[in-house]
Amino acid sequence: MNFSGQRPWLAQGENTNGFTVLKKVELVGIDAFYFELVHEQTGARCIHIQRPDRENAFAVGFKTVPQDSTGVAHILEHTALCGSRKYPVRDPFFSMLKRSLSSFMNAFTASDWTMYPFLTPNSKDFANLMDVYLDAVFFPLLSELSFKQEGWRLEKQGGRLVFKGVVYNEMKGALSSPNQIMAHALMEALYPDVTYGNNSGGDPRFIPDLTHENLVAFHRRHYHPSNAFFYTYGDLDPRPHLEKMSRVLESFERIDPNTVVPLQPRFAQPVSKSVPYPISPEEDLDKKSQAALGWLVAPIEDCRKVLAFTLLERVLLANAGSPLRKALTDSALGSTLADSTGFEGDLRDTLFAAGLKGVSKESAPAVWELVEKTLADLAREGLDQKLVLTAADQYEFARKEISNAHFGWGLKLFMGFCSPWFHGADPVRFLDFEKDLAELKKASSQGYFEMLIKEHLLENPHSVRLLLYPDPDLDARREEEESKRLELVSQNLSDSQKAKIDADAKALEELQEARELVSVLPTLAVNDITREIERVEAFSGIDPTGRTRCFVAPTNGILYATAAFLFPQMEEDLALLAPFFAYALTRTGTRKKDFVTLAREIATNTGGMGASCTAMTAHGKEAAPCSWIALDVKCLEKKSEAALSLFEEIVFDTDFSDLSRLGQLVSEYAALLESRVVANGHHYAMSLCSRGFSPVHALGEAWSGIHQVRFARQLALEYKGEKLQELSDRLKLMSGFVFAKSRIAPGLSGGQAAVEKAANFMEKMSAALGEQSPGALQKPLNLGLPQREGWTTSTSVSFCAYAKQTVRLSDPDAPALAVAAKLLRSLYLHREIREKGGAYGGFALYSAQGGLFSMASYRDPHVSRTIEAFAGALDFAVSGDYENQDVAEAILQVASEIDKPDSPSDAARKAFVRSLIGLEDEVRQGFKDDLLALTPAKVRAACERHLQAQRPLSPVCVISGSQILEKENKKLNPLLVINSIN
């Protein structure tokens with residue numbers, strides 16, 4: 001173990017602050033000690049994982065089991081964070097984001113639990129946030145006005161009643177997305193008698209049935225300590241944490257919260273279900289359906305069987321060589337796997353589903369039959385044992401890898417075992433999985449996995465045949481139903497009820513406008529910020545050419561290798577093709593292996609291999625474009641030779657001549673990008689806004705924006721049959737352009753011996769590359785200069801964005817602009833767009849790397865109002881109506897992003913990218929030094945120089961439904977120019 005000389009903080013049987021240690025386990029595989037405790041008075045449970053990781057984690061979770069689809073659990077999650085007994089602030093959660101160095105703060109509502117987690121590397125911050133979280137969940141104010149703001153309310157708008165509310169609008173947006181509808185449809189069909197048959201997030205049809213009294217009663221039972229599960233993680237002594245918890249819990253007595261989720265009674269025979277999803281009336285409806293089969297399989301407390309199905313999912317579906325995936329994609333019945341395909345292991349009754357999207361309604365029976373036939377053949381003929389062993393190795397790799405991407409590893413660890421723990425399973429079985437894994441490997445040769453397929457899938461009557469089909473009239477019907485409901489409500493309102501609606505609207509507006517007395521909240525100060533940046537040095541002396549950047553890091557026995565192939569601007573058709581080239585690169589075959597063999601060897605020898613496109617701006621006076629396609633692989637160090645051999649084969653021998661496979665990839669890629677639009681509309685809108693500012697922004701939009709979505713759709717429509725040969729030839733041209741000796745920049749991280757060995761390999765591979773093939777013209781990419789645009793897609797909410805080109809990281813004004821973005825979000829946009837407007841989010845972003853200043857809204861019921869809010873935010877920035885404390889809080893937010901702890905591999909990756917774009921540590925340190933010296937006057941002066949609002953505001957881009965844009969355009973001058981994403 002490597003606990004820096006520490007012994008375990010706690011001993012089994014010890015009682016500290018009212019908590020008894022029930023279990024202590026040494027987890028050698030992750031260099032940790034596990035402690036399981038119970039609070040004797042209330043029955044609250046607690047797990048602490050002691051590990052030498054400075055990013056400490058806390059979470060408190062509750063089993064929440066709604067009995068309807070009013071969204072009570074979701075709305076309670078929001079409303080609990082709107083002020084508490086000790087901290088009667090309108091939004092203490094959002095306020096603490098400004099007063100903290102946390103690397104993650106959030107709250108989640110799942111199907112049967114709600115969680116409030118945070119991560120921070122600062123011990124004082126940990127104590128502050130824990131105080132606020134504990135008071136928020138156990139002693140929230142739950143005021144009626146907060147319920148109406150966050151949940152739902154009636155308001156008068158334009159002389160008529162409308163529904164408003166943050167969650168109401170959020171779920172209108174969520175239920176515009178086919179993948180969300182598919183997931184809920186599966187659960188509604190398979191769990192009709194238990195909580196999973198309801199939508200825990202809330203269905204807009206039923207959210208207005210929830211009363212404030214229902215919400216308070218739900219909190220009283222579900223947020224009781226007897227239903228609480230605490231988690232702490234990291235290198236801090238847990239005893240002060242336990243003392244804080246105990247002081248809160250001592251005022252409660254143990255109760256039975258009655259939150260056990262029963263097993264779903266099993267069906268006597270399978271069921272069928274057809275569910276519509278909204279689609280734009282302008283879209284072609286052909287092959288826009290999804291067909292899937294779903295089964296309930298095993299209770300979550302059966303840890304061994306849950307692990308077995310986790311492996312079986314990998315065997316059947318993980319890659320192009322997986323038998324069920326291959327059978328489905330080879331069938332030509334659809335484009336790619338259906339949403340929710342795979343194993344869902346986080347419910348009391350787990351489920352498995354498989355199917356296809358991009359199918360015609362008439363082909364659905366053929367899809368269901370194909371799934372059943374393929375499974376029957378596998379059960380009869382037996383699974384390839386190599387696939388089972390590979391799945392086990394892949395699972396072990398995923399559990400071994402430590403990454404802080406998205407959020408810290410300590411919280412990822414908890415998210416992996418929290419559901420089994422909440423339902424009575426032993427978390428240690430998840431954390432210390434090697435014994436179960438070894439037993440399953442042994443059982444695989446004795447027909448165990450074939451038995452799972454036969455008993456739990458083929459012979460299991462508790463299943464559903466699900467068809468998800470497009471309905472171009474669904475949104476209009478929903479709006480009509482809502483209008484009729486509101487009209488009926490309006491007709492039946494008494495005078496006193498009408499007066500109440502007006503009074504509530506006025507009171508809520510006054511509450512939202514009031515300056516909050518946040519001084520009651522704990523806070524860090526600027527002098528709590530570490531002055532120095534984290535530096536990651538490349539290891540020199542391995543590659544004599546200096547071409548390979550080598551980083552020696554404690555990566556837990558994993559080697560990370562990348563080869564970035566740099567290039568200047570390309571002509572438009574090649575530039576747009578680059579992301580698909582990257583997508584297909586590791587999914588098509590080589591001259592030595594067909595795509596199935598390649599996929600299986602990648603799965604056997606690596607933890608993942610893939611390619612991606614990146615467009616950035618180099619640092620320096622010229623600010624030249626710096627873009628690349630990177631091929632990445634990660635593997636256990638002991639498998640590095642085989643993994644790097646595959647890496648080399650892809651670079652030298654990639655073959656796009658299998659036209660059948662190429663056609664599959666085109667359809668799959670287009671479906672993948674289309675599915676992302678509604679979930680990430682704000683990012684797409686910001687990208688559209690920025691595309692005219694520079695060649696790099698144009699390339700970024702071409703590679704990862706709406707123009708790439710449209711290009712992918714056009715590929716799928718145009719390249720079929722014999723015409724695929726033309727696409728194959730273009731990809732071959734791209735390969736010759738990209739894989740050139742003058743372009744390669746390798747990067748490596750891992751243990752020193754493994755890195756040295758890999759560096760020698762990379763040098764030999766680089767030396768063997770040829771020069772760039774001719775045919776790629778350096779012609780500027782022109783996607784148009786946006787002014788005021790609307791882009792239509794199938795959604796009932798909007799995503800609005802504004803962007804402005806400013807200065808970059810090395811400019812003295814850069815830190816002030818970073819702070820200005822935080823100020824605008826905290827002091828203006830959050831109030832105007834979320835609290836008043838009812839959008840799920842409103843925010844400002846400053847990218848110091850590219851110098852882009854953006855504002856955006858997410859799942860927004862407004863357009864014209866939000867565009868005006870953007871202009872008002874710029875006026876606010878220039879006005880300087882912010883104080884020393886406001887600026888100090890914004891500095892904390894920027895510093896928390898700079899200082900967020902990275903895993904060794906993540907830190908090495910970031911250092912590698914900085915080396916590619918020429919970003920020196922001295923520039924980063926200068927930015928931080930200037931950040932810590934900011935004053936309100938300096939921020940205001942920078943805003944005057946760079947953020948003056950010009951009216952009408954431009955460029956502005958909005959992604960929304962066609963009817964919404966048509967309606968909103970009547971309020972705008974000048975109008976939005978309307979384009980279709982489809």
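In the predicted model described here, Glu641, Leu644, Ser645, Phe647, Glu648, Val651 and Phe652 of helix α21 meet Lys757, Ala758, Phe761, Met762, Met765 and Ala768 of helix α27, where contact means heavy atoms within 4.5 Å. By class, the residues of this contact divide into nine nonpolar, one polar and three charged; Ala, Val, Leu, Ile, Met, Phe, Trp, Tyr, Cys and Pro count as nonpolar, Asp, Glu, Lys and Arg as charged, and the others, Gly among them, as polar. Residues are numbered from 1 along each chain as its sequence is written, and side-chain values use heavy atoms, with hydrogens and water left out. Because the model is predicted, local features need pLDDT of at least 70 and side-chain atom pairs count only at pLDDT 80 or more, whereas totals for chains, interfaces and linings use all residues.

Two packed helices are described by the angle between their axes and the distance between the axes. Helix α21 (residues 640-653) and helix α27 (residues 752-768) pack at an angle of about 15 degrees, and their axes are 11 Å apart. That angle makes α21 roughly parallel to α27, since angles under 35 degrees count as roughly parallel, over 145 as roughly antiparallel, 65 to 115 as roughly perpendicular and the rest as oblique. Helices (H or I, at least four residues) and strands (E, at least two) are DSSP runs numbered from the N terminus, and axes are lines fitted to C-alpha atoms, for helices over the stretch in contact, with angles running from 0 to 180 degrees between N-to-C directions. The crossing of α21 and α27 is right-handed; a crossing is left-handed if the near helix is turned anticlockwise from the far one by less than a right angle, and right-handed if clockwise.

Ile891, Val894, Ala895 and Ile898 of α30 make the contact with Phe927, Lys928, Leu931 and Leu932 of α32, a set with seven nonpolar, no polar and one charged residues.

An open sheet of six strands shows mixed pairing in the order β25-β26-β24-β27-β23-β28, where two strands pair if DSSP finds at least two bridges between them. Its edge strands, β25 (841-847) and β28 (977-980), each pair on one side only. On average, neighbouring strands of this sheet are turned by 20 degrees against each other, direction ignored. Helix α29 (residues 864-879) packs on the sheet and touches β23, β24 (799-805), β26 (852-858) and β27 (956-960), and its direction makes about 140 degrees with that of β26. Strand β23 (residues 788-792) pairs with β28 in the parallel sense over four bridges, and Trp791 stands opposite Asn979 in β28.

Strand β8 (residues 113-120) is mostly covered, with eight of its eight residues buried; buried means under 20% relative accessible area, exposed over 50% and partly exposed in between (1.4 Å probe, protein chains only). In a regular strand the side chains alternate between the two faces of the sheet. Trp113, Met115, Pro117 and Leu119 point one way from β8, while Thr114, Tyr116, Phe118 and Thr120 point the other way. Strand β5 (residues 56-63) runs antiparallel to β8 and is joined to it by eight bridges, with Thr114 as the bridge partner of Phe62. Strand β6 (residues 104-105) also pairs with β8 in the antiparallel sense, over two bridges, and here Leu119 is the partner of Phe104. Strands β7 and β8 form a hairpin with three residues between them.

Helix α5 (residues 166-174) is largely enclosed by the rest of the structure, because nine of its nine residues are buried. Its cover includes α1 (72-79), α4 (144-150), β10 (160-164), α6 (178-190), α17 (474-491) and α28 (814-836).

Cys46, found in strand β4 (residues 45-50), is buried, with a relative accessible area of 1%. Leaving aside neighbours within four places in sequence, Cys46 is in contact with Phe19, Phe35, Glu36, Leu37, Phe230, Leu242, Met245 and Trp421. Cys46 and Met245 are 199 residues apart in sequence, and their C-alpha atoms are 9.9 Å apart in space.
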